[in-house]
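Colleague: I have not worked with this structure before. Could we go through it in questions and answers?

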Amino acid sequence: MSATRETTPIDAIAEEHTQALVDLNPLLATALGVPGRDHLSVDISPAGHAALADLNRATLAKLDGAAPVDDTDAITVAAMRDRLGLELESFEAGDHLRDLNNIASPVQELRNVFDLMPATTPEDWANIAGRMTALSSSIDGYIETLRAGIAAGNTPAIRQVELAIDECADLADADLSFFTTFAASAPDTSDALTHDLATGAADAREAYGRLASFLREELAGAARPDDAVGRDLYQRMSRLFVGATIDLDETYDWGVEELARITAEQEALAREIAGPGATVAEAVRALDADPARTLHGTEALRAWMQSTADEAIAALDGVHFDVPERLRTVEAMIAPTQSGGIYYTGPTDDFSRPGRMWWSVPPGVTTFNTWREKTTVYHEGVPGHHLQLGQAVHNAAELNWWRRQICWLSGHGEGWALYSERLMEEFGFLDDAGDRLGMLDAQRLRATRVVLDLGVHLGKPAFDRYGGGTWNYDKAWQLLVDNVNMEEGNLRFELNRYMGWPGQAPSYKVGQRIWEQIRADATAAATTRGEEFSLKDFHSRALNLGSLPLDVLRGALVG
């Protein structure tokens, strides 16, 4: 905390909680840039989960005994009670016993942390070797947790188990494993360190092989046959991701209407691009055939992402936003993975590692179209995730460690990023018809997710054109194919993600909706007070608060 605001007892509670989280989870320490734990892994056994639950209970008890001294404290208390309370509710319901999917479960997290690890000095590589070996105990703890789920009759769906078996098998393969190639990429290491890296890679491969065997021989037979998780679990997961309690049925109906509205908007724009009567598919083909909109090779993609992000920062700073000096740097990166995802990682607290936009390019993909991706750069960079997350880190004068680095939920964060896409259209950065079609393409995907995700997991009636009855995997696939302009492999990955991570995908579009509602409410409140509403000031206030549950954000900005 800087001298502009003295640390309060509630700040101290939040800081102590964050330090305890770092001590419990060395992977989190790496993500936050906290040194000294990069050679360690994390305990995700039942005992490890229980220790986290105990920490949450203890912190909530401390908050009950502390009085806020200002509005910042009051927001911290509201946010921590919401987040920690929901984490406890999830723990007590046994959600961790079924934590397995194709994108954000321990299967991926234990491997993905290596992308964030420093890999320059011999000490860095010694840490990498140590963590590869330590990963084995994490895998054993994870197996123990999933076994407890089998005993409790609380298991993931068979589809997610089968996907995880394939992923684990790849990581266990002696020739193809990430661990093999990563260890071999170390530059000029000593014989001893080369040996340690080879041993660590072998240990990690063997651990993933054990996990694949367990999934195949034990969990698969106990897995649920259906993808749908039902209303009770879905409502809890929705609250976890959105930070607000939403009416699931009203939200589904709104999603259907929003999908139709965006589709009509896109179809009208397609006729503007490709001529009277043109379809969206014909407009896409015309844009894809335009050499001025085509990039060849991942280095050209990276350079274009970087220049587009830099130009946006220069144009927005001082006009629509005040971008702090330390946030005027964002790095475009090609990820070492090849899953097809695009994501952002925030800066460390001291900005020694800047915010980064990552593109995980699938194997064999060498051509990219700028009209599809300009809105993606705004989403991941400025004014999207980089400005949002970076501003919270920059605002250490007001925000304690938990507020600026730990409190994150996709309803707020991804909702802001989608809101930012529309904001850039509002500011005139998407006046080009092709770029605007790309933005609508992304928005249509997010609206489709609302219909699909709630539709499948709640057993909502499917559209007549897909055979009626209730939504299921196959009907959801047809909905995606009809509405999303994406390669088949990426599209299949997306659908599998929605099946295994209920409530997360709709939180993007639902979050955008709530951000827009909060802005409208704040505008109306200013008008009622006889004040002129400043959009720039509204955004500054909102971003300086950091990521919050959306109900808490509404209270802070509107009252």
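Colleague: In which sense do strand 3 and strand 4 pair, parallel or antiparallel?

Modeller: Keep in mind that this is a predicted model. Strand 4 covers residues 355-359, and four bridges join strand 3 to strand 4. The sense of the pairing is antiparallel.

Colleague: Why is one side of strand 2 and of strand 3 left without a neighbour in the sheet?

Modeller: The sheet is open and has three strands in the order 2-4-3, with mixed pairing. Strand 2 (330-334) and strand 3 (342-345) each have a single partner strand, so one side of each has no neighbour in the sheet because both stand at the edges.

Colleague: Which helix packs on the sheet, touching strand 2 and strand 4?

Modeller: Within the sheet, neighbouring strands are turned by 20° against each other on average, direction ignored. The direction of the helix in contact makes about 165° with that of strand 2. The helix spans residues 298-316 and is helix 13.

Colleague: What is the handedness of the crossing of helix 1 and helix 4, left-handed or right-handed?

Modeller: The axes of helix 1 (residues 9-24) and helix 4 (residues 71-93) come within 10 Å and cross at roughly 35°. Helix 1 makes the contact through Ile10, Asp11, Ala14 and His17, and helix 4 through Asp73, Thr76, Val77, Met80 and Leu84. By class, these are five nonpolar, two polar and two charged residues. The crossing is left-handed.

Colleague: Which helix gives the most to the lining of the second largest pocket?

Modeller: The second largest pocket has a volume of about 420 Å³. Of its 24 lining residues, Gly33, Asp38, Leu116, Pro118 and Arg353 are the closest to its centre. Strand 4 and helix 6 (122-152) each supply at least two residues of the lining. With three residues, the helix that gives the most is helix 6.

Colleague: How many charged residues are in the lining of the second largest pocket?

Modeller: By class, the lining has seven nonpolar and eight polar residues. The number of charged residues is nine.

Colleague: How many charged residues are in the lining of the largest cavity?

Modeller: The structure holds one cavity of 30 Å³ or more, and about 40 Å³ of space lies in the largest cavity. Its lining includes Tyr234, Ser238, Leu454 and Gly503, and helix 10 (231-242) and helix 21 (506-528) are the elements that give two or more residues to it. The lining divides into seven nonpolar and three polar residues, and the number of charged ones is none.

Key
Residues numbered from 1 in each chain as written. Predicted model: local features only at pLDDT ≥ 70, side-chain atom pairs only at ≥ 80, totals over all residues. Heavy atoms only, no water. Axes fitted to C-alpha atoms, helices over the stretch in contact; angles between N-to-C directions. Left-handed = near helix turned anticlockwise from the far one by under 90°. Contact = heavy atoms within 4.5 Å. Nonpolar A, V, L, I, M, F, W, Y, C, P; charged D, E, K, R; others polar. Pairing = 2+ DSSP bridges. 1 Å grid on protein atoms, 1.4 Å probe; cavity = no way out; pocket = protein on both sides within 12 Å on 5 of 7 lines; lining within 4 Å. Points joined across faces, edges and corners; volume = space filled by probe spheres on them.
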